[in-house]
Structures are given as structure tokens and as C-alpha cells.
Amino acid sequence: MREAEKLLADLTPQQREAVTHVEGPLLVVAGAGSGKTRVITRRVAYLALRGVPPHRLLAVTFTNKAADEMRGRIEQLAGTRGAWVSTFHSLCASMLRISADSIGLSRDFTIYDRDDQLKAVQQCLKEMEADTSMLQPAGVLQAISNAKTRLESPEQFAAAVTGLRDELIAKAYAKYQALLARNAALDFDDLLLRVALLLQGDEAFRDRWQRRFDFVLIDEYQDTNRAQYLIARELAARHRNLCATGDPDQAIYTWRGASIRNILEFTRDYPDARVVKLERNYRSTKAILRAADSLIVHNALRHERGLWTENPEGLPVRFLWADDADQEAQMVVQSIAASHAKGRRWRDFAVFYRTNAQSRSLEEAMRHRIPHRLIGAVQFYGRQEIKDLVAYLRVCVNELDDLSLERILNVPVRGIGDRTADRLRAWAAANGLSLRAAVAAADQAPDLGAKAKGAVKAFSDLLDAFRAAPKSPVGAFCRHVLDKSGYQDWLERPENEERKENVNEFLAKADKFDLEHPGGELAEFMQEVALVSDVDNLDPTADAVSLMTLHAAKGLEFPVVFLTGAEEGLLPHINALRNEEGIEEERRLCYVGMTRAKEELIITASAWRAQGGSMAEREPSRFLFEVRRDVFDNAGQRALASLGPDATLDAWDDAESKPLRSAPGEARPRKHGPPPPPRRPGGLAVGDRVRHPQLGDGWVLAIQRADKLTVVTVAMASGGKRLFALEYVALEKL
């Protein structure tokens, strides 16, 4: 117990309460930067030191990087290994492999990534002879993913459809699942769906896994979806030792099926739960914390709490207003360069944006001037050479994986051209064979010539040899595959130098796996590869500025943060304007971005931004005016005062006298200029006076189309500017 007491020595009373709570449900409401990870790791270590066998402790977090760091810290604190620390997807994949024989599943199943899923959907739509202008593969895949998040089977989805498009999606869903089954493959959603349904409907499976864990800890509980909620509930149902940690103010994944109500209603599910609030922030300065808190209090769906810190006051928040996105990017680069010249490291800076499209101007401004890394762009595992090697390894594990086999039939070139591949696929389909079986029996294929049969036979023999070879250590087996397949020779060509470096990096990851998992199987390594996320590859020691979306920034922290594109229609995003819940999630996303900053926070926006091939006028985000004004520096306060509703509405005596900003390089329109713009959807035009049934009168500033919505920007006579989607709000023209 002396070691257990040491764990508690440097904890606050609230942290200590969370760590030492043993029996029964526990909710830890942990504000941003409040030491949540410390509480989770100490709690697992404390339970282990109290005598709970480590293998009976389960901790679930949302990134592999966080899981690895947490696992290492727990082992260091408790002096023992064995606690199960993983992501939900990794947990479910392992549960399914371990229980495969009893649930009718191959242990060697492949986990398809998004590229594989899109190819599978495209194949299904091709078989259906569907019009891809009406049924785009990405949209169909999203509909299937949404259905799985709701735990709907193809049959359940089909029973609820109402229109032709949904009927076609239902047919595609059924075909897609059949294709996955033929390939002994699961997609990301299947991992959660299968386990959630098995825990509810398979008594033997449920009993096995409920007995496996005595304590279950779920991190980021506010971001759990229906399946994850059910998995956590069922795993903890026997002993009720469920610890949920999270922050409703950081719930930003509703679009992925997550429900903030899972954490808000935890005490309804567990009336006897102990609730501990962590309200001391260890990350940010007082100024940054005041700014973030003054924003998030505008949300209704949240737990009341007040973050505080003993950190210094720090610098005021800065606000930069640019003419356009290019000038905004230059402002960011100049600020970074100036701070770097004063001693900051490049890795101290992070630049956040709402959408990936915003990164273009930032990248161009930094090119050849500032070392930077783009998180979540062309992903490492999405590179051609890495996908080729992974396809080889997949086929070595799962011979039914036709998608992976198709990729490597003629990679590197081995005399199996497109015509041979097409004939081989057709022959396989006609005879009910997998592609691998067809390759093995190619000498019987009637439409293949002698030369083609010889090439296919040699490839089949190669795969047989790989199948028979020892696959551990994994790094050594990967090198064996590269050598015998001829891929290494291809990499040695001068033009493939960068590809060779990428493959060497992959081999280093395989070697690291061998080091951390002595005797580990190739299937385990492939599972890790399949479930890696963008942030998992973030190297904290690399001295470069980090560029990423606000969603990717979750869980990270940086001394200096630039939050760019703080404009209406961008943050909050135009797709979120349909209801107040959508706007609240955007506000939470903004809050997440702000609370990543430790020492400096700079918020930027631009008056004009390229949109749909032309320049569109932008309005400052409503969130800027919800943040208390005194947290900004003097320049920021003046800029916001000039942009706010009070600065512009005085001049609005009638529609023709309203002030207009001109696009960069354009002359300001004159009062008696060209004729008014044509009428737009809804019968409205810029300059019209309109009435909202609740908010009153105003004038139309702008009209734009986005994602099938007609969005109207209105300057309200009562003050402020609002955006309305005409499909959801009836504006009366006066």
C-alpha cells in the first residue's frame, strides 16, 4: 500500500477522489487541461497496486497514440504489465479474433480502410449498373456507415426506406456486406457493430467478456456513439465498475454518430454514480482560459462548471482581420517567423482550420520559408508503395481478400496484364471461386493463353511460398516479401528513392512491433496498421509547425495556437446552421481549438475567401462576439469593434444606403451603379428587407448556396447578423 500512497502524493483532492474510488460507477467531468490522463493512468495503477489483476483492467481511449502512452505510463507507475489499454476499434477487433471460432468468423479477417471500402462500394454499384451521378460511391458509403452506427442491418435499413435513392442504397448495402463476407473482411463500423450486437444477443459471448474485466474505464465518453455506449454498458453490467471520463464541452463528433447525451445522462443510467469534477486547468494562461470559458457558456447542453488556473495571466488573445485568405496566411507566417526569431521552436506552433481546403494558402505561404507538417493530408498508409506492401501482407494472412490480391496481381510487373486479370476475374465469378482460388487453378481457365497461364502460375507459387514462410519476426517477413516479390528491386530504381524511404519507415514500424511484442503475429501487426489514425503519426520531437483541422487537434496542446478562418459559414460551418444543436457543436469545436493553446492564442479571419470558383464576401464569426472583449489585445478590440453589429447598423437607414466591402482589387460599388442582382431562390435578392417570425426585421446582406441549402445572411435591425437556411426558416419579404 506504500506504493499506492505514493501515487496519490501529488494529486489534488478531486483527482485523489477519482483515483481512489473503487466499487461502483464513477463519472469524472474533466475540463480541458485538467489532468484527466493523469487521473486515468493513476486510477488503473492504483487498482493494480490494490490487488486487482492487471489483465482484468480495461481502459479505452480514442487514439492509438494515447493508448500507447497511457499503457507505458501505467506499467511505469504500477511496476507491472498486462492492463488492457486500447481504442474501441482495437478492443473490438481483438475480441472478435479471440472469439472468432465461436461466432462463425475467420480469425484472419481483413480490416478494410476507407479506400478499400470505396472500391468495394464502386464494385457493388457497377454490378447494379447504377447511375453514379445519382449514387456517388462516397455518399453511398456514408449512408451505409450511418446505418451501421444506428446498428441497422441491410434488412432493417431496407424496411425503412421511402424513396428510390434509398432503395438503391439499401440494395448496395446488402451487396456491400455480401462482398465483405466473401473477402473475409470487416470495415471499421463492423468492428463496433458486431461486438455491440453480440454482447446483446449472444449469451456465451457476453458472459465470456463480462467475466474478463472487473473494472472498465472509458475516456472521452462524450464522444461515444450508440455502439460504443452499448459496449461499455454491457462489459460493465456484471460488476457495474464503470468509470467514464470526459467533458461535454468538448463533444465534437455528432457527425460521426456520437451523442453528447451519453455523458450528460450518465447519472440517469447510474443513479448511484459518484460524480467528480476536475476544474483546475494546468495547461493555459488565465487570459486564454477566460476567453474560452466566456465562449462556451453560451451553450445550453453542458454540465455547469467553472475552470480556473494558477498559471500566469499571460498575453492577451490576438485577433487578425485580413483582406483575403492569402493575406491571412501571410499574417500567420509573419507572426510565426517573428516569434521564432525571438527563440520559439518551430514545433511550438500549431495552425488550426475548420476544413482541409483552408490549408492550401497556408502551405503556399510556408513553402520554402517555414518547416511544417500537414496532419491528415496524404496519409502515410495511403501512399502507393505502402498500400502495395500492405496488400501483399494482407493476402499472406487472408487468402480470401480479393481486393488486396487484385492490387498486387501485376505489381511489380510480372506479365499479368489487364486483359488477363479481367479474364481471371470473370472466370472466378462464373465458377464461384475466390480470386486466389482462380489464380491457383489458372491452368484450367479456358480464355488464358499459355504465356499468361505461366505468369499466373509463377505468381501463385510465390504466394504459396509466402504462406508457408515463418511470419515472425514481422520485420524480417516484410523484407522477405519485398525481396522475393521483386518489389525491392523496383524500389532501388533512382526515381523511386522517396518510395524506398517510405518503405524503410514502414519496416522500422514493423521492427518496433517485434520489439514491443516478442513473438507477435503478422495478423496483430496488420490490425495495428489498419487502425492507425492521423494523429498517431505525429512526432512531438519533429521541429516543424503543425497544420491540422480542429477535429484532429483534439487531445493535443501547443505553446502557440493560430485558429484561422473564424468566419460565418466556416466556423460555425454552414452545414451546422440548420439547428441550434449544430451551432452548439461548432461552438464546442471552437472551444476545443482555443483550449489547445498553452501560452498564446491568435484568432484570424478574412473579409473575402475563394468559394465555388469565385471570391465570396465573409462575415466575422458570431463566436468572436461571444468571447468577452477584454481578453483581446488593444488592436484586436479595435478590429472587433469596427466589425461588430454596432459599427455597421447605424448606416442602415434603407437597403440602398448600406455599406459594402469590395473584393480585393475591385472598386467599391457606387450607390447608383449597375441594376440590382437577379432574384435568387426564395424570391430574395441582396438588399431586400425581410422579417423573421421571432427575431424581427433585417436586410439581406448575402445569399449563397452550399450543400443543397440556400443560406441568407441578414443584418438584424435589433443588432447583429444572422444566417438562415431558407429550407428551414421562412423569411417574409417586406
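How close do the axes of helix α11 and helix α13 come, and at roughly what angle do they cross? In this predicted model, local features are reported at pLDDT of at least 70 and side-chain atom pairs only at pLDDT 80 or more, whereas totals for chains, interfaces and linings use all residues. Residues are numbered from 1 along each chain as its sequence is written, and side-chain values use heavy atoms, with hydrogens and water left out.

Two packed helices are described by the angle between their axes and the distance between the axes. The axes of α11 (residues 188–201) and α13 (residues 226–235) come within 9 Å and cross at roughly 40°; here axes are lines fitted to C-alpha atoms, for helices over the stretch in contact, and angles run from 0 to 180 degrees between N-to-C directions. Helix α11 is therefore oblique to α13, given that angles under 35 degrees count as roughly parallel, over 145 as roughly antiparallel, 65 to 115 as roughly perpendicular and the rest as oblique. The contact (heavy atoms within 4.5 Å) involves L192, V195, A196, L199 and Q200 on the side of α11, and A227, Q228, L230, I231, R233, E234 and L235 on the side of α13. Helices (H or I, at least four residues) and strands (E, at least two) are DSSP runs, numbered from the N terminus.

An open sheet is formed by six strands with parallel pairing, in the order β3-β2-β6-β7-β1-β8, where two strands pair if DSSP finds at least two bridges between them. Strands β3 (84–87) and β8 (274–278) are the edge strands, each pairing on one side only, and the twist from one strand to the next averages 15°. Within this sheet, β2 (residues 57–61) and β6 (residues 215–218) run parallel and are joined by four bridges, with V216 of β6 as the bridge partner of L58. Helix α4 (residues 64–78) lies across β2 and β3, and runs at about 165° to β3.

The largest nonpolar core has 52 residues; such a core is a set of buried Ala, Val, Leu, Ile, Met, Phe, Trp, Tyr and Cys residues joined through side-chain atoms within 4.5 Å. Buried means under 20% relative accessible area, exposed over 50%, and partly exposed in between (1.4 Å probe, protein chains only). The members that touch the most others are L393, F459, F506, L522 and F525, while helix α19 (residues 384–397) gives the most to this core, with nine residues. When neighbours within four places in sequence are left aside, L393 is in contact with F477, C478, V481, F506, L522 and M526. A second, separate core has 51 residues, among them A553, A566, Y591 and F632.

Several loops contain backbone features of note. The peptide bond between S472 and P473 is cis, with omega about 0°, and P473 lies in the loop between α23 (450–468) and α24 (474–485). Another cis bond leads from L571 to P572, with omega near 10°, and P572 belongs to the loop between β13 (558–563) and α28 (580–594). A positive phi of about 65° is found at L151, which is not a glycine; L151 is placed in the loop between α8 (137–149) and α9 (154–159) and is buried, with a relative accessible area of 14%. Residue A184, likewise not a glycine, has a positive phi near 50°; A184 lies in the loop between α10 (164–182) and β5 (185–187) and counts as buried at 11% relative accessibility.
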